[in-house]
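User: I have a structure open and want a quick tour. Can you walk me through it?
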Amino acid sequence: MASPYPESLRICLDRRKQIRERQPTELMAWAVATKTEIDAVLRGWVEFDEQATVTVGAEHGPLAGLPIGVKDVIDVAGMPTRAGSRSRDQMAPAVCDAEVVARLRAMGAVICGKTATTEFAYLDPSAVTNPFNAAHTPGGSSSGSAAVVGAGVVPLALGTQTAGSVCRPAAWCGTYAFKPSTGRTPRSGVEPFAPSFDTVGVFGLDLELTVRTALATIGERDAAEFARRVPSIVWLEDPYFLDISPDCMRQLEHARELLKAAGCRVRAVEVGLDFEQLRSVHRTVMHFEAYAHHGSLLRSHAELLGEHWRTALETGAQVTPLQAAEALQTLAAARDRLEAAVDDADLVLGSPVRTEALEGVQSTGDAGLIIPWTYAGTPLVVLPTGLSRTGMPLAVMLAGRRNKDRAAAEDALTVSSILRDGGMVIDA
């Protein structure tokens with residue numbers, strides 16, 4: 001019987017299998033060959049260094065030999081940071097690495113290139129396509145990073161999240177992701193969007209490698225084994241979080257069943273907040289801070305800006321400092337309500353997206369289900385859990401306790417193992 005899935009899916013899954021089977025010393029050559037083969041369609045890279053080598057002195061570090069892509073809002077020495085904007089076409093190469101990049105180089109990582117981003121990490125889409133089906137969006141704004149990992153070109157990549165731009169493309173490109181607690185990653189060398197929320201996250205094809213890399217970006221380089229325990233889990237039954245497609249709902253329900261069967265305490269809670277209104281409040285802060293950092297572009301390069309980014313800056317110009325301060329207070333109160341509702345649970349289980357990846361590349365997708373956890377400040381983990389009926393990736397998301405990143409990583413590894421044993425996995 002013919003497969004109901006497109007041939008592109010089989011090819012993508014085969015690449016992912018092959019990269020997982022290779023030794024670290026083989027991965028840079030693999031990245032060069034695979035990038036050459038597929039990037040005319042994937043369009044995930046804006047800079048690529050085929051001659052990249054392991055940093056001298058770190059050849060034996062925990063990331064030795066692993067090629068890593070870096071979203072083009074994060075500085076890499078010798079490469080320009082254009083932030084996906086025509087206003088930066090003449091940008092000079094960065095003089096030094098961002099702190100997060102320097103930390104990974106010190107562990108032996110090979111920084112092999114810059115990945116495509118939406119303009120200044122906002123909503124104007126990049127040219128990147130989804131690795132599972134090029135007719136679909138990869139999500140934004142860390143589109144290139146998610147796509148090059150999801151396609152099996154490199155095992156790891158860095159992205160950033162100000163609303164949902166790590167978790168959403170991870171879900172839609174079938175990768176693992178770990179976004180540390182909001183604000184815990186160093187800002188040095190990271191192009192600001194809204195610093196109240198900007199956080200670097202990691203995409204990967206292996207969860208343990210992904211979380212170890214993410215913890216390293218926040219300065220935790222403990223090589224000790226992760227503790228394993230049975231976490232307590234809640235899920236939110238507010239209608240806002242249940243407005244998802246049947247495929248996404250089936251992922252959540254199946255995950256809850258497997259976790260309960262494995263002995264996890266799983267219960268529902270309702271927070272009772274107006275999350276749609278809070279989304280607007282979060283947007284107020286984003287626009288205000290975006291204008292504070294980039295408002296001069298309206299005077300110097302307005303004609304070169306994308307429609308969404310230009311509108312964001314124009315909107316931010318109308319927000320007063322008092323309004324922004326009040327918005328931050330409102331979000332802090334919402335964070336406290338969320339934490340109280342979750343009580344002593346270790347994790348919150350939910351869907352990072354409302355549907356599978358949208359057809360077409362004109363939209364970067366809806367971040368609505370992720371935004372509450374971004375302003376709540378929690379670490380977030382995305383687990384790829386299966387395929388939709390059309391062969392597109394599906395996922396679940398775990399929110400940990402704020403500033404308890406290592407505990408969230410440990411609990412996520414336990415949950416992932418339970419779900420994989422129950423067949424909730426993309427890669428066999």
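Analyst: Buried means under 20% relative accessible area, exposed means over 50%, and partly exposed is in between, with a 1.4 Å probe and protein chains only. Helices (H or I, at least four residues) and strands (E, at least two) are DSSP runs, numbered from the N terminus. This is a predicted model: local features need pLDDT of at least 70, side-chain atom pairs count only at pLDDT 80 or more, and totals for chains, interfaces and linings use all residues. Residues are numbered from 1 along each chain as its sequence is written, and side-chain values use heavy atoms, with hydrogens and water left out.

User: OK, strand β9. Which way do its residues point?
Analyst: β9 covers residues 347-350. Leu 347 and Leu 349 point one way, Val 348 and Gly 350 the other way. All are buried. In a regular strand the side chains alternate between the two faces of the sheet.

User: Which way does β9 run against β7?
Analyst: β7 (residues 233-236) and β9 run parallel, joined by 2 bridges. Two strands pair if DSSP finds at least two bridges between them. Ile 233 has Leu 347 as its bridge partner in β9.

User: And β9 with β11, parallel or antiparallel?
Analyst: Antiparallel, over 3 bridges, with β11 spanning residues 393-399. Val 348 stands opposite Ala 399 there.

User: What about β7, are its residues buried or exposed?
Analyst: All are buried. Ile 233 and Trp 235 point one way, Val 234 and Leu 236 the other way. β7 also runs parallel to β8, with 4 bridges joining them. In that pairing Val 234 stands opposite Arg 267.

User: Zoom out. What is the strand order in the sheet?
Analyst: The order is β1-β3-β2-β4-β6-β5-β10-β11-β9-β7-β8. The sheet is open, has 11 strands and shows mixed pairing. β1 (45-48) and β8 (266-269) stand at the edges with a single partner strand each, so one side of each has no neighbour in the sheet. From one strand to the next, the twist averages 30 degrees.

User: How do β2 and β4 pair?
Analyst: In the parallel sense, over 3 bridges, with β2 at residues 67-71 and β4 at residues 156-161. Ile 68 is opposite Leu 156 in β4.

User: Which strands does helix α4 touch?
Analyst: α4 (residues 143-150) packs on the sheet and touches β1, β2, β3 (110-115), β4 and β6 (199-204). Contact means heavy atoms within 4.5 Å. The direction of α4 makes about 155 degrees with that of β4. Axes are lines fitted to C-alpha atoms, for helices over the stretch in contact, and angles run from 0 to 180 degrees between N-to-C directions.

User: Switching to helix packing. At what angle do α6 and α14 pack?
Analyst: About 175 degrees, with the axes 10 Å apart; α6 is residues 207-217 and α14 is residues 405-421. That makes α6 roughly antiparallel to α14. Angles under 35 degrees count as roughly parallel, over 145 as roughly antiparallel, 65 to 115 as roughly perpendicular and the rest as oblique.

User: Which residues meet there?
Analyst: From α6, Leu 207, Glu 208, Val 211 and Leu 215. From α14, Asp 405, Arg 406, Ala 409, Ala 412, Leu 413 and Ser 416.

User: Now aromatics. How many pairs?
Analyst: The count is 9 aromatic pairs. Rings of Phe, Tyr and Trp (its six-membered ring) pair if their centres lie within 6.5 Å; planes under 30 degrees apart count as stacked, over 60 as edge-to-face and the rest as tilted. Phe 120 and Trp 309 are stacked because their ring centres are 5.0 Å apart and their planes are at 15 degrees. Phe 120 lies in the loop between β3 and α4, and Trp 309 in helix α11 (residues 307-316), so the pair ties together parts 189 residues apart in sequence.

User: Buried or exposed, that Phe 120?
Analyst: Phe 120 is buried, at 3% relative accessible area. Trp 309 is buried too, at 0%. Phe 120, Tyr 122, Phe 193 and Trp 309 form one aromatic cluster.

User: Last one. Where is Thr 378?
Analyst: In the loop between α13 (371-376) and β10 (380-387). Thr 378 counts as buried, at 5% relative accessibility. Leaving aside neighbours within four places in sequence, its contacts include Lys 179, Trp 373, Ala 399 and Arg 402.
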